[in-house]
Amino acid sequence: MGLCSLTHQIDALNILHELRAHGTTSNADGEGQCSGALAAGKVAVRPGDVMKEPRRMKTIAERARESCLTRLLEILTQLISVEEDFIKEVSYEKSLLKRKDSVELKNICLRMAIAEGSSCSNRDLRELRDCLRHIVGNLLACVRDENNLSSTVTTRRLRELSNSFPDI
């Protein structure tokens, strides 16, 4: 697993938290800063006033994608916790996780963050889910080879994570 791989996963987690925060707060109150030009249907009292836009209700699909992103964030958080605990318990020297896997996870998160619009596509969420599944599967394979109490607990926790992935 190594600290480098764990660092990439933590970076990915931070990117997803920012993406989620941006997606849920953008136009959440239906307000926007007034600029020099007025959007259709807005009336300015003074320059710089905050204008109320009609609040757009989120579609069921958008709410489902937000819920899925939240669940994948929880899974990544738990995955990082499992890995950190295993490293502490076993003082593991060699790498359990291929660096490529954690770099791919970070790249997926970066691509999601710079994508147009504030919501994630189903394709992005599927790709994120599949990458996390792959990482969990690789970790399970590596941890099973260990024969101690810590690896038994880690295996159980990873199996629980493996069974908790959402359908997209």
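Predicted model: local features only at pLDDT ≥ 70, side-chain atom pairs only at ≥ 80, totals over all residues.
A nonpolar core is a set of buried Ala, Val, Leu, Ile, Met, Phe, Trp, Tyr and Cys residues joined through side-chain atoms within 4.5 Å.

The protein contains five helices and two strands. Followed along the sequence, these elements are arranged in the pattern α-β-β-α-α-α-α. Of its 168 residues, 35% count as buried. The accessible surface of the protein amounts to about 10000 Å², and carbon and sulfur atoms account for 52% of this surface. When contacts between residues at least 6 apart in sequence are considered, 74% of them join residues at least 24 apart.

The largest nonpolar core has 33 residues, of which Leu16, Leu76, Leu79, Leu105, Met112, Leu128 and Leu158 touch the most other members. Two or more residues of this core come from each of α1 (2-25), α2 (60-90), α3, α4 (122-144) and α5 (149-162). The greatest contribution is that of α2, which supplies ten residues.

Once its neighbours within four places in sequence are set aside, Leu16 is in contact with Leu69, Leu73, Leu76, Cys109, Met112 and Leu128.

Attention may now turn to Glu104, which lies in helix α3, spanning residues 99-114. Is Glu104 buried, exposed or partly exposed? Glu104 has a relative accessible area of 33%, and therefore counts as partly exposed, since that class lies between the limits of 20% for buried and 50% for exposed. Along the chain, Glu104 and Leu132 are 28 residues apart, and their C-alpha atoms are separated by 9.9 Å.

Key: Residues numbered from 1 in each chain as written. Heavy atoms only, no water. Helix = DSSP H or I, 4+ residues; strand = E, 2+ residues; numbered from the N terminus. Buried < 20%, exposed > 50% of the residue type's maximum accessible area, 1.4 Å probe, protein only. Contact = heavy atoms within 4.5 Å. Areas by Shrake-Rupley, 256 points an atom, 1.4 Å probe, with all protein chains shown as cover.
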